[in-house]
Amino acid sequence: MNKLLKKLFVCAAFVAILPQNAVAASSKDKFPDGTPVSDWFRDTKITPLNELGKVYTITDYDIVNDSTILQTERIQAVIDKVADNGGGVVRIPEGTYLSGSLFFKPGTHLYLDKGAVLKGSDDISDFKIIDTRMEGQSIKYFAALVNAIGVNGFTISGEGTLNGNGMRYWKSFWLRRQVNKNCTNLEEMRPRLVYIAESRDVMLSGVRLENSPFWTTHLYRCENVKILNLDIFAPHVPVKAPSSDAVDMDVCKNILIKGCKVSVNDDAFVFKGGKGPDADKDSRNGMNEFIIVEDCDFGFCHSAMTVGSESLHTKNVLFRRCTVDGAQRLLWLKMRPDTPQNYEYIEVSDIKGNAGTFLYIKPWTQFFDLKGGKKYIMSYSSNVTMKNIKLDCKTVFDIKRSDDQYLLSDFVFENLELTEQKEGTIKDIINNCTMKNVKVNGKKL
């Protein structure tokens with residue numbers, strides 16, 4: 001009996017010294033629909049350079065540190081050599097290297113030393129036209145500066161910078177808009193900074209992504225992607241960087257975005273997936289699911305998290321433990337009248353700071369097309385929870401009722417301490433709306 005008691009005492013002591021909530025974290029951390037969060041999301045170890053394979057430093061292959069000389073072909077030759085030799089790391093040393101579109105291949109990785117800058121050309125003719133994906137469409141368009149298509153295990157890491165060199169593109173975009181206010185985003189020809197498609201087990205870590213001419217990071221049909229400790233920037237003054245979304249997730253599954261600093265002149269983290277009346281019938285389109293965004297800091301952006309405008313079905317999103325300072329909106333649901341959309345099981349929690357609007361939901365009609373149809377397409381958003389948030393706002397709720405375009409239901413607002421300068425409302429807009437300990441300007445709702 002004494003031996004049994006001794007064993008029980010040792011077990012109890014062991015449990016007592018476990019980190020607080022360690023057991024709870026593994027058993028209670030769930031996505032909004034109740035699906036357990038897998039251990040994959042908890043492993044944030046950065047793969048060391050020495051575990052990625054043989055290192056190929058580009059300056060060993062007739063590539064020079066000169067921001068004025070276009071070296072696309074020579075850098076691509078190094079990437080091809082690495083792939084042909086069984087894989088490894090393309091290392092960019094300190095310095096600035098100018099390039100057009102580069103295409104990484106299976107087994108290859110990109111590493112940027114501290115002080116290294118891979119700079120995109122500001123001449124669009126230096127970027128290849130490929131079959132790609134833009135704004136919910138599968139089309140021919142310009143490749144990004146860094147492309148990885150069908151490259152499982154691809155990584156971008158280090159302490160250097162990918163610089164999109166976007167100023168010339170931005171100025172040209174705004175001039176075009178002065179001439180033709182109805183021109184689309186795609187009409188002003190611009191490359192993205194990073195495009196990763198049809199790839200699994202991808203990691204982007206440590207680097208700075210700046211001044212993208214178009215979307216900064218675009219993931220299409222990717223699974224198991226970790227975006228860790230990035231610094232993502234595009235200016236909103238003095239020249240606005242149009243459409244410079246930080247990360248666009250387009251038909252993706254299992255995405256972790258953690259520890260990033262973001263300030264861009266458009267939406268920060270965005271869900272895409274397809275658009276148009278028959279978008280749900282196109283196999284190239286699809287849903288985003290099992291996404292976690294956590295421990296990030298937001299500066300200026302149009303919205304910290306946006307679902308749409310070209311999103312079909314987005315489900316099971318956790319957006320938590322973040323700070324916002326200057327975001328125009330915290331959560332924005334863009335409801336297209338030409339696309340069958342379903343945004344469900346989204347949880348925003350443990351946020352602090354300031355934003356123009358706490359929750360923004362309105363019809364999104366930019367460039368929409370019913371393709372000859374007579375009626376708007378009905379969309380839905382449900383099971384959205386926003387809790388444990390302390391935020392100073394210009395307006396808390398900026399939501400428009402639209403019975404012929406979308407239905408909002410089962411929203412929960414809990415433990416909110418908010419301020420606003422202009423009063424908004426959700427009265428008679430959301431079906432089955434629950435308020436628990438919600439205060440606006442000190443007044444309980």
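Buried is used here for a relative accessible area under 20%, exposed for over 50%, and partly exposed for values in between, with a 1.4 Å probe and protein chains only. The model is predicted, so local features need pLDDT of at least 70 and side-chain atom pairs count only at pLDDT 80 or more, whereas totals for chains, interfaces and linings use all residues. Residues are numbered from 1 along each chain as its sequence is written, and side-chain values use heavy atoms, with hydrogens and water left out.

Helices (H or I, at least four residues) and strands (E, at least two) are DSSP runs numbered from the N terminus.

| Side of H4 | Residues |
|---|---|
| Buried | Tyr-169, Trp-170, Phe-173, Arg-177 |
| Exposed, turned away from the buried side | Arg-168, Leu-175, Gln-178, Val-179 |

Seen down the axis of H4, the buried residues fall within an arc of 100°, and therefore line one face of the helix; the arc is that of the directions from the helix axis to the C-beta atoms.

A nonpolar core is a set of buried Ala, Val, Leu, Ile, Met, Phe, Trp, Tyr and Cys residues joined through side-chain atoms within 4.5 Å. The largest has 105 residues, of which Phe-298, Leu-330, Phe-358 and Phe-413 touch the most other members, and strand S26 (residues 313–335) gives the most to this core, with 9 residues.

Val-151, in the loop between strand S10 (146–149) and strand S11 (155–158), is buried, with a relative accessible area of 0%.
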